[in-house]
Amino acid sequence: MIIPQKSVNTLHNSLSFSILSLTISLGMTSTTLLMTSASSVFAQVPTGIEQLFPGEKTISQVNQSFVNPSMGNDKTGNGSESAPWQTITQALEASQSNSLIILSPGTYSAKTGEVFPLILKPGVAIQGDINNKGKTVTIIGGGEYLSRRFGGQNVAIVGANQASLSGVTITNSNSRGYGLWIESSNIVVRDNTFTNSTQDGIAVTGDATPSISKNYFIRNGANGITISGNARPEIRENIFQETGFGINVAQNSSPVVVANQIQDNRSGIIVQANATPMFRNNFIQGNKEDGLVIIAQARPDLGSSYDPGKNVFRNNGRYDINAQSAKLLISAPGNNLVSNRISGKVDLQGITASTAQNSGSNSLSREISGNTPITFSTPTVSNFPNQRTLTPLKIRTIPNSSQPPQLPNNQSDLPQFNYVRLDSGAIEFVAPQAATGANIQNSAPQNYSATNKNSRYRVLVLVANQQQQNLVSSLVTDAFSKVWQGRKVMQVGIFSSQESASEMVNSFNSKGLRAVIEPIK
């Protein structure tokens, strides 16, 4: 699709495709894409010229407004090119459906008047520097957002149905900060950079069906992107780099993950719980530990005898596929990998997976080192200021961890807040928290004797009624009830260090709940 030059201002002469995808039929189209095989996905969405969906409007047919953080003015401006708004916040408030907000180069933050989180509106597109994935247009910040499923979160931008976000760099350096939160919407996210958020670049949850393509995810605290709930996004042609997990697929989600580069992370991809993602034509390489980790009842589609996966696994530090804790036989025909780089039951032929999953064994499955516990390193606070150490934990259930991320604003000296839920079998990754004031004193490094080096610390939350139970579950989705010293509590985590457990306790106490630490051996 060629956009008439007369309909685009001089700042956007290089624009060669429509970024809007503002159409009622988008959700239906996305659903169709996600339920098809990879071959049909490639057939329906061309990688070159963008197709125009029925009812979609070109830039010349929509209302445009302009934002300039250094030259604009929210009081005297009107959103025109000659009198732009100063903030995205004001531009969103003034925009109606079928509107395009064009961002000038610069930094958009609380210092320039932004109010976070930025709540996108249905049918409104935000466009920055699409040719350079947002290199010159930076959004920095975050604010409290109440998720319907997960309670309070700190988020920079919240997605909306039939909205579009392209050409921006997003960073949320707040405590457990997310760049973009997509919950039960079908937003189009394209040609952006997500970097240095303390938690995830993007979180996709609920019944969301977004299209996320050609973005760059680098150096986020926990995951490049987490997909949970019943979400069915299309994740295409993105780069995930230098993060804990590049892609975290959890709960009952079933994304289509096509033609991405997942490289140089702690581990490339984790698939857990009951997730059923489809992977095709991805490059999963150079990750420090594993390329793909599969646990619990997860059943990723890595290809079949009639529809090969064509994923390339290369130079991952430990295993290309680590399915040691998977409950089901994994079918993975037609991929570029080597059998001695596989741990667990993986069917490389793809002809007996359905029966083997019921029987629990198959002669074609490759099981390497199945009886050896996997060692993950859980970040803990060192006894020396400004230095972190990695303390190995040898356990059957795979815990998750990340290399200490490079945090902005001098947060690299703060204690880690990574913890492992050993009882549930799920990998739970929580990024470092930005501790201030009393938190720093409460979580200061301590010297421990040799007798307690192997101690772990269970965090329990006392609950008096169903409302408190619901609040705990909204904050920690796999928390579970138990009886402790004759009282009803919910267990929310087991930690390898007392400092990390204390951080979790402080988090619950700040929400009006009473949490306690129980040392265990």
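D264 is partly exposed, with a relative accessible area of 32% (buried is under 20%, exposed over 50%, partly exposed in between; 1.4 Å probe, protein chains only). The model is predicted: local features need pLDDT of at least 70, side-chain atom pairs count only at pLDDT 80 or more, and totals for chains, interfaces and linings use all residues. Residues are numbered from 1 along each chain as its sequence is written, and side-chain values use heavy atoms, without hydrogens and water.

**Overall.** The protein has seven helices and 38 strands (DSSP runs numbered from the N terminus: H or I of at least four residues, E of at least two). Of its 521 residues, 59% are buried. The accessible surface comes to about 20,900 Å², and carbon and sulfur atoms hold 49% of it (Shrake-Rupley method, 1.4 Å probe; for residues, only the protein chains shown count as cover). Take contacts between residues at least 6 apart in sequence: 57% of them join residues at least 24 apart (contact means heavy atoms within 4.5 Å).

D264 sits in the loop between strand 22 (261-263) and strand 23 (267-271). Beyond four places in sequence, D264 touches Q241, E242, T243, Q285, G286, N287 and K288. Its C-alpha lies 8.9 Å from that of G246, 18 residues away in sequence.

T243 belongs to another loop, between strand 19 (239-241) and strand 20 (245-249). A polar atom of the T243 side chain lies 3.3 Å from the backbone nitrogen of N220. Contacts of T243 beyond four places in sequence include I218, R219, A222, D264 and R266.

G291 is part of strand 26 (residues 290-296). Again beyond four places, G291 is in contact with G268, I269, I284, N316, Y319 and D320.

| Residue | Relative accessible area | Class |
|---|---|---|
| T243 | 5% | buried |
| D264 | 32% | partly exposed |
| G291 | 0% | buried |

**Cores.** The largest nonpolar core has 60 residues, of which I202, I225 and I321 touch the most other members (a core is a set of buried Ala, Val, Leu, Ile, Met, Phe, Trp, Tyr and Cys residues joined through side-chain atoms within 4.5 Å). I321 is in contact with L292, I294, L302, F313, A332, L337, R341, I342, S343 and V346, leaving aside neighbours within four places in sequence. Another core lies apart, with 17 residues, among them V461, V476, V492 and F508.

An open sheet runs in the order 36-37-35-38, with antiparallel pairing (two strands pair if DSSP finds at least two bridges between them). Strand 36 (480-484) and strand 38 (514-520) are the edges; each has a single partner strand, so one side of each lacks a neighbour in the sheet. From one strand to the next, the twist averages 45 degrees (axes are lines fitted to C-alpha atoms, for helices over the stretch in contact; angles run from 0 to 180 degrees between N-to-C directions). Five bridges join strand 36 to strand 37 (residues 487-495) in the antiparallel sense. V483 stands opposite K488 in strand 37.

Two helices pack on this sheet. Helix 6 (residues 466-475) touches strand 35 (456-462), strand 36 and strand 37, and its direction makes about 10 degrees with that of strand 37. Helix 7 (residues 498-509) touches strand 35, strand 37 and strand 38; its direction makes about 160 degrees with that of strand 38.

Terms used: A polar contact is a pair of N or O atoms within 3.5 Å; within protein, one must be able to donate a hydrogen and the other to accept it, and residues adjacent in sequence count only if both atoms are side-chain atoms.
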